[in-house]
Amino acid sequence: MIQQDFSTSEQAAEESVKVSAFRHRHAHLLSAAALACLQKANSGVESALSTLEVRDQQLFRLRLARWFQNLYEGLLPVYGQRADFDDFMERLVLLMARHYVQRPDELKVLDVERDLEPDWFQHESMLGYVFYVEQFAGKLSKVRDHLDYLEEMGTSYVHLMKVMQSRDGENDGGYAVTDYRSVDASLGTNEDLESLCADLRARGMSVCIDLVLNHCAQEHPWALAAQGGDARYQDYFYMYDDRSLPDAFERTLPEVFPEFAPGNFTLDENSGKWVWTTFNHFQWDLNWSNPEVFLEIVEVMFDLANQGVEVFRLDAVAFMWKRMGTDSQNQEEVFDLMQALRTCSRITTPAVAHKAEAIVAPDDLIRYFGVGRHHGKVSNFAYHNSLMVQFWSSLASRDTRLMTRALSEFPRTPNSIAWGTYLRCHDDIGWAIADDDAESVGLNGAAHRHFLSSFYSGEFEGSFARGGVFQFNKANGDRRINGTLASLSGLEQAIEWGNPELVDLAIERILLGHALICGFGGLPLIYMGDELGLLNDYRYVDIAEHAGDSRWMHRPAMDWDRADRRHDLNTIEGRLYTGLSHIIRVRRKTSQLNARYDTDIVDTGHPHVFAIANRHPLGTLACVYNFTESTQYLNVQPLYESGIVELYDKLSAREINVYNDVIELSPYARLWVT
């Protein structure tokens with residue numbers, strides 16, 4: 001039993017410390033092998049925790065015992081064959097204990113709060129706002145000047161981008177990290193980050209930053225040591241004396257940036273070795289088969305968490321494990337490692353959540369929540385890339401049959417997770433549309449993907465979009481797309497043509513998209529400026545470090561003059577901001593949009609209408625969307641069959657008129673029906 005008397009007497013403290021971390025109540029959670037490993041690893045914990053209050057010591061031991069089996073099962077398949085596995089586990093447990101000791105009291109209170117409310121990120125009140133710090137405010141300290149703006153929007157999750165030190169010049173948008181532990185000097189200091197985290201936390205906002213797991217910059221101290229011949233650090237990377245193995249790997253590896261970074265290996269002139277570089281020549285892939293890399297990243301994760309970071313966006317996770325004869329993506333060891341990383345947070349910094357940045361095919365995407373033995377153990381969030389892709393596909397084609405089919409095929413997710421729902425991000429849009437899904441609705445997958453690239457680049461006759469082609473792969477015809485939400489939705493063209501009717505349609509498309517991601521039952525993520533209709537910024541070509549990366553087209557600086565017009569309904573900014581704000585307010589009052597409840601795709605039988613049913617004990621919420629600029633008429637029988645008895649639209653706060661089992665949907669209508 002846990003000792004109830006938290007007396008500060010020496011005897012009580014001594015007895016409390018001796019309370020076994022593997023007491024009877026947790027024995028059933030631990031296999032014999034895991035229990036033996038924990039007993040051995042626990043030997044150094046007592047000394048590490050000795051400076052803490054007894055209650056804090058007991059909390060750490062309880063969490064360690066509760067989650068150790070998950071940790072063990074994640075690491076055993078990856079490192080268990082090594083002779084030093086037990087020593088590695090001892091070092092890891094001691095690392096966790098030491099960082100728990102260093103954790104500020106305020107964050108330990110938040111840990112307990114999250115222990116009591118583990119579904120905090122699933123709540124219908126959650127809203128994410130995403131921005132590059134330099135584009136939003138210039139510096140971390142200046143973000144503080146705009147906290148009222150974030151709070152007014154209803155923001156509860158703030159993703160700060162390009163925070164850690166990255167290489168000068170070309171740096172893949174900040175994802176070529178030279179120091180995982182230091183804030184980029186151009187943005188401020190670690191103290192600025194900690195202070196901002198505290199300010200946002202005081203307003204009920206959780207901070208997310210990127211943790212780049214697949215690679216670091218060639219200027220990182222680990223890489224510099226490897227270039228200098230240090231064998232220890234050369235084992236932090238994949239380095240080869242000749243092209244034999246790289247050539248063998250290349251036979252099955254795709255190219256991420258075929259235009260400006262073809263191939264997956266780069267010759268390092270300093271060491272004379274070939275280095276695995278999946279993305280750019282200056283981004284060296286980390287060798288996760290080396291347990292030292294795991295320990296390094298865990299320590300980084302704890303350091304940042306103790307500064308107040310509450311969510312880690314785990315960047316490029318799909319590429320973390322390499323296997324000959326495969327595309328070296330989504331390998332089983334990736335999910336083992338992610339389970340282990342998440343468990344480390346559960347033990348030492350329980351307030352922290354993990355978000356997987358895995359832009360992969362639907363069958364692989366679901367694995368980032370954990371399937372089979374990893375069920376519900378891998379990450380708290382993952383980006384719903386398919387929802388984003390299908391939104392743009394249906395918007396261009398005015399046909400929702402592919403969207404309905406593709407999203408219907410998703411298996412059930414664990415009720416402990418949340419999708420990150422979004423319309424676009426800082427990256428390009430890749431057309432992740434499966435050929436079999438396309439074929440099932442009478443489309444040719446390759447032809448449809450070609451159509452979408454042509455449409456959103458503005459090449460297709462009659463297109464309303466203004467975007468740009470990114471990374472044309474001549475080998476397979478793949479063409480990804482750049483562009484802001486507003487420009488891809490037709491606002492840029494409408495303003496250029498001076499056509500008020502086209503402006504109206506563009507605004508309706510944008511609000512349709514916002515309603516879709518807010519009504520899907522996940523965590524909606526708004527990219528900076530999309531609430532105001534910021535357009536493509538073609539001036540990126542005038543900035544040397546941006547000129548070679550056309551993704552900066554859709555990373556414009558925040559226009560605070562336009563933000564000042566957000567309450568003026570006579571302006572585009574006012575119409576968009578007010579429309580989105582209304583959707584957010586309704587969402588906050590709609591229990592069915594809590595992410596823990598099931599979301600079903602409803603086949604309405606209508607080729608231009610998409611519908612979902614959010615299940616809840618209080619009753620079903622059906623979200624209905626018209627993806628055309630024309631009035632549509634929908635038979636409501638599928639809604640009745642989904643559990644809707646009377647039709648009341650929460651967004652317009654009115655009853656819906658039904659004539660002969662048919663309702664009328666205005667152009668780009670969006671209904672949340674109960």
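Tutor: Let's start with a term: a nonpolar core is a set of buried Ala, Val, Leu, Ile, Met, Phe, Trp, Tyr and Cys residues joined through side-chain atoms within 4.5 Å. Keep in mind that this model is predicted.

Student: Which residues have the most contacts inside the largest nonpolar core?

Tutor: They are Phe68, Leu160, Trp288, Phe294, Tyr368, Tyr456 and Trp672, in a core of 197 residues. Phe294, for example, touches Leu75, Tyr79, Phe88, Leu92, Trp288, Leu337, Ala340, Leu341 and Cys344, leaving aside residues up to four places away in sequence. Another core, of 17 residues, lies apart from the largest one and includes Ala613, Ala622, Ile644 and Val673.

Student: What makes helix α18 mostly covered?

Tutor: Buried means under 20% relative accessible area, and 12 of the 13 residues in α18 are buried. Among them are Leu387, Phe391, Trp392 and Leu395.

Student: How do you know that the span of α18 agrees with its 13 residues?

Tutor: At 1.5 Å a residue, α18 (residues 385–397) should span 18 Å, and its end C-alpha atoms are 18 Å apart, so the two agree. After α18 comes Arg398, with a positive phi near 60 degrees.

Student: Why are strands β18 and β19 called a pair?

Tutor: Pairing needs at least two bridges. Four bridges join β18 (residues 599–602) to β19 (residues 609–614), so they pair, and the strands run antiparallel. Thr599 stands opposite Asn614 in β19.

Student: Which residue in the hairpin of β18 and β19 takes a positive phi?

Tutor: Gly605 does, with a phi near 75 degrees; the hairpin has six residues between the strands.

Definitions and conventions. Residues are numbered from 1 along each chain as its sequence is written. This is a predicted model: local features need pLDDT of at least 70, side-chain atom pairs count only at pLDDT 80 or more; totals for chains, interfaces and linings use all residues. Side-chain values use heavy atoms; hydrogens and water are left out. Buried means under 20% relative accessible area, exposed over 50%, partly exposed in between (1.4 Å probe, protein chains only). Contact means heavy atoms within 4.5 Å. Helices (H or I, at least four residues) and strands (E, at least two) are DSSP runs, numbered from the N terminus. The expected span of a helix is 1.5 Å times one less than its number of residues.
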